[in-house]
Amino acid sequence: MSENDLPNENEFDFSAAMKGVTRHSDDRADLRGQPKKLKLADDETTRYKRLVAVQDEEMVVDGLTSEVINLVETEDELIYAAPGVQLKVMKKLKQGHLPWDAGLDLHGYTLDDARTELGSFIRECSLRQLRCVMVIHGKSNSVEGQQALMKSYVNDWLQQMSQVIAFSSAQPKDGGTGALYVLLKRAK
């Protein structure tokens, strides 16, 4: 008997493990009966786990979320004013009577790149103490009735920025519902 013929103590003995197990008498699956429906657990923890499992992980970059809160249509006019903004100022902004000092065109940007670019642009304009700027988000006219994602995200992002106190869709000569006049806080 050679050394290779001796049982290794690390080897698994299948026949010893199967001792006492009997062969199943049927060798075919029963496909005639309906499978039993499982009753799903319906407690608070299970509902929460299901909810979290189906949600995409939200990214936050520069304080701006990757989730859009309010989807808007291509031709929807946007208007926003933080508390304390005077009605007279909002009317001037909406009518295009406040001259804008800088602009950002987001055509061709991915949503992630647009978020980064918009955040940088607003911060830079605020540091330069610019009062009114223009942001062109486009209309997304590719499919009739399709919601304009870039417009929807820009709408939400601008409302999240502390430097922005108001914005309104632009006049037709400046891009109409494809652009926004954005009013920034005055430097103190």
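Is Lys94 buried, partly exposed or exposed, going by its relative accessibility? Its relative accessibility is 34%, so Lys94 counts as partly exposed. That value, like everything else here, comes from a predicted model.

Lys94 forms a salt bridge with Glu77, and the closest N and O atoms are 2.8 Å apart.

A search of the whole structure turns up four salt bridges. Another of them joins Lys139 to Glu75, with 3.9 Å between the closest N and O atoms. Here Lys139 belongs to the loop between E5 and helix H5 (149–160), and Glu75 to the loop between strand E2 (64–65) and strand E3 (79–81), so the pair ties together parts that are 64 residues apart in sequence. Lys139 has a relative accessibility of 27%, so it counts as partly exposed. There is also a salt bridge where the side chains of Asp174 and Lys173 meet, at 4.0 Å from N to O. Lys173 comes out at 68% relative accessibility and therefore counts as exposed.

Which way do their side chains point? In a regular strand the side chains alternate between the two faces of the sheet. In E7, Ala179, Tyr181 and Leu183 point one way, Leu180, Val182 and Leu184 point the other way, and all are buried.

E7 also has strand partners. Strand E5 (residues 132–136) pairs with E7 in the antiparallel sense over five bridges, and in E5's pairing you can find Ile136 opposite Ala179 in E7. Strand E6 (residues 164–169) pairs with E7 too, again antiparallel and over five bridges. Look there for Val164, which stands opposite Leu184 in E7.

Let's zoom in on one residue of this strand. Leu180 lies in E7, and with a relative accessibility of 0% it counts as buried, the cut-off being under 20%. What is Leu180 in contact with, leaving aside its neighbours within four places in sequence? The list is Leu78, Val133, Met134, Val135, His137, Val154, Leu158, Phe167, Ser168, Ser169 and Ala170. Leu180 and Gly103 make another pair to look at: they are 77 residues apart in sequence, and their C-alpha atoms are 9.7 Å apart in space.

Last stop: the aromatic rings. The count comes to two aromatic pairs. One of them is Tyr153 with Trp157, a tilted pair at 5.3 Å centre to centre and 45° between the planes. Why is this pair called tilted? Planes under 30 degrees apart count as stacked and over 60 as edge-to-face, so 45° falls among the rest, which count as tilted. Both Tyr153 and Trp157 lie in helix H5, four residues apart, which is about one turn of the helix. Tyr153 has a relative accessibility of 12%, so it counts as buried, and Trp157, at 1%, counts as buried as well.

Technical notes
Residues numbered from 1 in each chain as written. Predicted model: local features only at pLDDT ≥ 70, side-chain atom pairs only at ≥ 80, totals over all residues. Heavy atoms only, no water. Buried < 20%, exposed > 50% of the residue type's maximum accessible area, 1.4 Å probe, protein only. Helix = DSSP H or I, 4+ residues; strand = E, 2+ residues; numbered from the N terminus. Pairing = 2+ DSSP bridges. Contact = heavy atoms within 4.5 Å. Phe/Tyr/Trp six-rings, centres within 6.5 Å; stacked < 30°, edge-to-face > 60°.
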